[in-house]
Amino acid sequence: MSTALAWFASRKQGVFIACLITLWYSTNIGVLLLNKFLLSNYGFAYPIFLTMCHMSACAVLSYISIVFLKIVPTQMIKSRHQFFRIATLSIVFCGSVVGGNISLKYLPVSFNQAVGATTPFFTALFAYVMTMKIEAWLTYACLVPVVAGVVIASGGEPSFHLYGFVMCVSATAARAFKSVLQGVLLSNEGERLNSMNLMLYMAPIAVVVLLPAALIMEADAFGYIVSIGSEDKFIWFLLLVNSTMAYGANLCNFLVTKHTSALTLQVLGNAKGAVAVVISILIFQNPVTFIGIAGYMMTVMGVVAYGESKRRYK
């Protein structure tokens with residue numbers, strides 16, 4: 001009887017994790033594709049305003065999830081210094097998200113993901129510069145195909161756009177910088193926050209930063225959304241779904257991290273990028289070349305090798 005109950009509990013846990021991973025993939029890939037559709041295909045050319053919508057949804061839904069639904073215990077900010085550190089992270093985070101959204105306006109999702117896969121290169125670079133952390137020589141060697149693959153993919157990308165490429169590289173670097181900076185600024189055990197609580201505090205700060213930026217740099221965005229929204233109600237639905245999925249991606253990332261191992265998360269993350277590339281090509285029908293695919297595959301294999309090397313020489 002106890003064996004049967006243990007088997008049932010194990011099976012139930014397996015189904016739960018499978019559903020969680022499916023939801024994680026759906027929200028991450030969904031928000032990426034919907035961003036591309038809005039910014040490039042639908043004609044909603046306001047990446048800063050779109051990012052502000054995402055952060056607004058994250059602020060509201062984080063508050064509901066933590067304060068009312070109590071998904072995780074509330075962690076309070078304990079000092080002014082901690083607040084300023086979180087604010088710094090939020091500004092860097094804003095830069096990475098806005099840069100990524102701007103790049104989607106000019107680049108296909110497939111190439112965007114290829115460039116984004118170079119995050120480990122920038123992470124290793126910033127970790128050395130900021131903390132003098134030195135990895136094993138084999139770990140650094142694995143970064144060579146990561147960068148070389150993107151160089152090859154860039155040469156074989158039919159839809160290459162220099163400004164979009166620069167913004168994509170900048171967003172990738174900012175994402176890596178935020179990761180290293182988070183480890184430095186919140187290294188104190190008493191000030192460390194889980195990702196859910198960190199988002200609870202970062203999102204409102206991001207909205208405060210993005211609102212004046214949108215008013216100055218995308219002054220007609222608010223008038224445009226009201227104007228087109230009165231004629232096409234579908235835009236409101238798209239923005240609502242897109243913003244909710246942006247929060248859902250963060251929530252699912254936290255839950256998958258909590259219920260799986262670091263190795264599983266790493267493998268799933270690498271596969272997620274490849275799945276996003278395939279789906280985006282099928283949906284948007286953007287032209288691809290053999291050289292571009294070969295470059296992307298080289299980058300992915302380099303990322304996999306880098307992760308394995310990090311795990312072995314930890």
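## Aromatic pairs and helix packing

Tyr106 counts as partly exposed because its relative accessibility is 30%; the class runs between buried, under 20% relative accessible area, and exposed, over 50% (1.4 Å probe, protein chains only). The model is predicted: local features need pLDDT of at least 70 and side-chain atom pairs pLDDT 80 or more, while totals for chains, interfaces and linings use all residues. Residues are numbered from 1 along each chain as its sequence is written, and side-chain values use heavy atoms, without hydrogens and water.

Rings of Phe, Tyr and Trp (its six-membered ring) pair if their centres lie within 6.5 Å; planes under 30 degrees apart are stacked, over 60 edge-to-face, the rest tilted. The count is 16 aromatic pairs. Tyr106 and Tyr163 are one of them: their centres are 5.4 Å apart and their planes at 80°, so the pair is edge-to-face. This pair links distant parts of the chain. Tyr106 belongs to helix H3 (residues 80-106) and Tyr163 to helix H8 (residues 162-185), 57 residues apart. Helices here are DSSP runs (H or I, at least four residues), numbered from the N terminus.

Phe126 and Phe177 also pair edge-to-face, 5.3 Å centre to centre with 65° between the planes. Phe126 sits in helix H5 (residues 119-131) and Phe177 in helix H8, 51 residues apart.

| Residue | Relative accessibility | Class |
|---|---|---|
| Tyr106 | 30% | partly exposed |
| Tyr163 | 41% | partly exposed |
| Phe126 | 19% | buried |
| Phe177 | 26% | partly exposed |

Elsewhere, one aromatic cluster takes in Phe44, Tyr46, Phe49, Phe222 and Tyr224. Trp24 has Lys272 over its face, 5.5 Å from the ring centre; the rule asks for NZ of Lys or CZ of Arg within 6 Å of the centre and within 35 degrees of the ring normal.

Helix H4 (residues 109-116) is mostly covered, with eight of its eight residues buried. Val109, Phe111 and Val115 are among them.

Helix H10 (residues 221-231) packs on helix H11 (residues 234-259) at about 120°, with the axes 7 Å apart. Axes are lines fitted to C-alpha atoms over the stretch in contact, and angles run from 0 to 180 degrees between N-to-C directions. H10 is therefore oblique to H11, a class left over after under 35 degrees (roughly parallel), over 145 (roughly antiparallel) and 65 to 115 (roughly perpendicular). Ile225, Ile228 and Gly229 of H10 meet Ile235, Trp236 and Leu239 of H11, contact meaning heavy atoms within 4.5 Å. By class, five of these residues are nonpolar, one is polar and none is charged; Gly counts as polar, Ile, Leu and Trp as nonpolar.

Methods: Helix = DSSP H or I, 4+ residues; strand = E, 2+ residues; numbered from the N terminus.
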